[in-house]
Amino acid sequence: MSTDLWEYRPGPHHAAELNLTGYEVQATDGPLGRVEQDTGDHLLVDAGPWVPGARVSVPVGLVSRVDHLELIVHLDCPRARLSPAPPVAVDLAGRHPRPR
């Protein structure tokens, strides 16, 4: 099994070619939020339901399974293990988020 947090684990849920933007994210202790951006090695999650106004960067190695029918990404860790992501700036056209 891979220990690289920035790669999906092998398994039947893995569909790296599918974009998970819009999927709900469920930690082991409850809902985390919704995927705003899928970069391939991490998911930027709007964690507003958990911490209003916060975004969380989730390495894809924490994904335990993906339910493509219900559009839910399941993590194998509690929300407390994740910390808010650095602020993201968006260009004037609203594309390509880039770090501040």
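Asp46 touches Leu32, Gly33, Arg34, Glu36, Ala54 and Arg55, leaving aside residues up to four places away in sequence; contact here means heavy atoms within 4.5 Å. The structure is a predicted model, in which local features need pLDDT of at least 70 and side-chain atom pairs count only at pLDDT 80 or more, while totals for chains, interfaces and linings use all residues. Residues are numbered from 1 along each chain as its sequence is written, and side-chain values use heavy atoms, with hydrogens and water left out.

Asp46 itself sits in strand E3, residues 42-46. Strands (E, at least two residues) and helices (H or I, at least four) are DSSP runs, numbered from the N terminus. With a relative accessibility of 29%, Asp46 counts as partly exposed; that label covers the range between buried (under 20% relative accessible area) and exposed (over 50%), using a 1.4 Å probe and protein chains only. Val35 is 11 residues from Asp46 in sequence, and their C-alpha atoms are 6.3 Å apart in space. The side chain of Asp46 also has a polar atom 3.0 Å from the backbone nitrogen of Gly48.

Next come the salt bridges. A search of the whole structure turns up 4 of them, each being a side-chain nitrogen of Lys or Arg within 4 Å of a carboxyl oxygen of Asp or Glu. One of these joins the side chains of Asp76 and Arg9, at 2.2 Å from N to O. Asp76 is in the loop between E6 and E7 and Arg9 is in the segment before strand E1 (24-27), so this pair ties together parts that are 67 residues apart in sequence. Asp76 is partly exposed at 33% relative accessibility, whereas Arg9 is buried, with a relative accessible area of 18%.

Glu24 and Arg34 also meet through their side chains in a salt bridge, at 2.3 Å from N to O. Here Glu24 belongs to strand E1 and Arg34 to strand E2 (residues 30-38), so the parts tied together are 10 residues apart in sequence. Both count as partly exposed, Glu24 at 31% relative accessibility and Arg34 at 44%.

Another salt bridge, 3.4 Å from N to O, brings together the side chains of Arg79 and Asp29. This pair links distant parts of the chain, 50 residues apart: Arg79 is in the loop between E6 and E7, and Asp29 is in the loop between E1 and E2. Arg79 is buried, with a relative accessible area of 18%, while Asp29 is partly exposed at 38% relative accessibility. Besides Asp29, Arg79 touches Ala27, Gly30, Pro31, Leu32 and Trp50, again not counting residues up to four places away in sequence.

Technical notes:
Polar contact = N/O pair within 3.5 Å; in protein donor to acceptor, adjacent residues only side chain to side chain.
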